[in-house]
Amino acid sequence: MNEKNSNRVKLSLPPVIAGIIGNRTLTRRIIGRNSQYVYAVGKDLYLKISSDLESLRRERDADIWLEHKMPGGVSVPRVGGYDEVADADDGVRYGYLLTTAVHGTPACAPPYIKDPVRLCELLAEGIRMFHQLPPAGCPASGDSVGGTVIHGDFCLPNIILHRSRISGFVDLGQVKVGDPWEDYAWCLWSLEYNLKTNAYNQLLLDKLGVSFDEEKYHKYVDI
């Protein structure tokens, strides 16, 4: 991919992607444990590059499926371009997914971490947004029992907030029809990880209206 060793980079991109990006600046982003290459493209676009084509295709399909399904004022990345090409240097085939940015601040940002009660309310609200979606047409199904649309990676960095409201969701490659406890488990884990305490886990469960299920928690959270 000919990436230079700096935050701002120049890449050899497929023509369909390069044509859309034009002369915008690409800035490398390091996001959580994500193994993809992620770049901010100017202020309004994101580019993900990955050799895990199946995963990137799932994310593309989920973005497209969810685009008009969220409540008003809540957005997901909108696909602006997608291509797959073999890299000239290493011969590996990479996928290139270009999407719009979801504007706001991740739920793990300090202003929200400092107000954990409101944070739990927002996280529960976000989970319900997914779990109330009609599953018909969802591009993926999980391997667990359940008929609920789930985010699949409901961790705080993937929940975008603005003025203490949900503005959108990102990293949707795990969206599928599955067991709602997969979202509960990852949300509980991420809340505890970011707050550095489990003192608010029960509050989150109360907001969700569910009881803790230790077996399912450990089934899905494999750290």
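Reader: Which strands make up the open sheet, and in what order?

Author: The model is predicted. Its open sheet has three strands, ordered β7-β9-β10, with antiparallel pairing.

Reader: What makes β7 and β10 edge strands?

Author: Each has a single partner strand, so one side of β7 (105-106) and one side of β10 (165-169) lack a neighbour in the sheet.

Reader: How do you know that β7 and β9 pair?

Author: Pairing needs at least two bridges. β7 and β9 (residues 159-162) have two bridges, in the antiparallel sense, so they count as paired. Pro106 stands opposite Ile160 of β9.

Reader: Which helix packs on this sheet, and which strands does the helix touch?

Author: Helix α4 (residues 116-131) does, touching β9 and β10. The direction of α4 makes about 45 degrees with that of β10.

Reader: Why is strand β4 called largely enclosed?

Author: Buried means under 20% relative accessible area. Five of the six residues of β4 (residues 45-50) are buried, so the rest of the structure largely encloses this strand.

Reader: What partners does β4 have?

Author: β3 (residues 37-41) pairs with β4 over five bridges, antiparallel. Ala40 has Tyr46 of β4 as bridge partner. β6 (residues 93-100) also pairs with β4 in the antiparallel sense, over six bridges.

Reader: How many residues lie between β3 and β4 in their hairpin?

Author: Three. Gly42, in the turn, has a positive phi of about 60 degrees.

Methods. Residues numbered from 1 in each chain as written. Predicted model: local features only at pLDDT ≥ 70, side-chain atom pairs only at ≥ 80, totals over all residues. Heavy atoms only, no water. Helix = DSSP H or I, 4+ residues; strand = E, 2+ residues; numbered from the N terminus. Contact = heavy atoms within 4.5 Å. Axes fitted to C-alpha atoms, helices over the stretch in contact; angles between N-to-C directions. Buried < 20%, exposed > 50% of the residue type's maximum accessible area, 1.4 Å probe, protein only.
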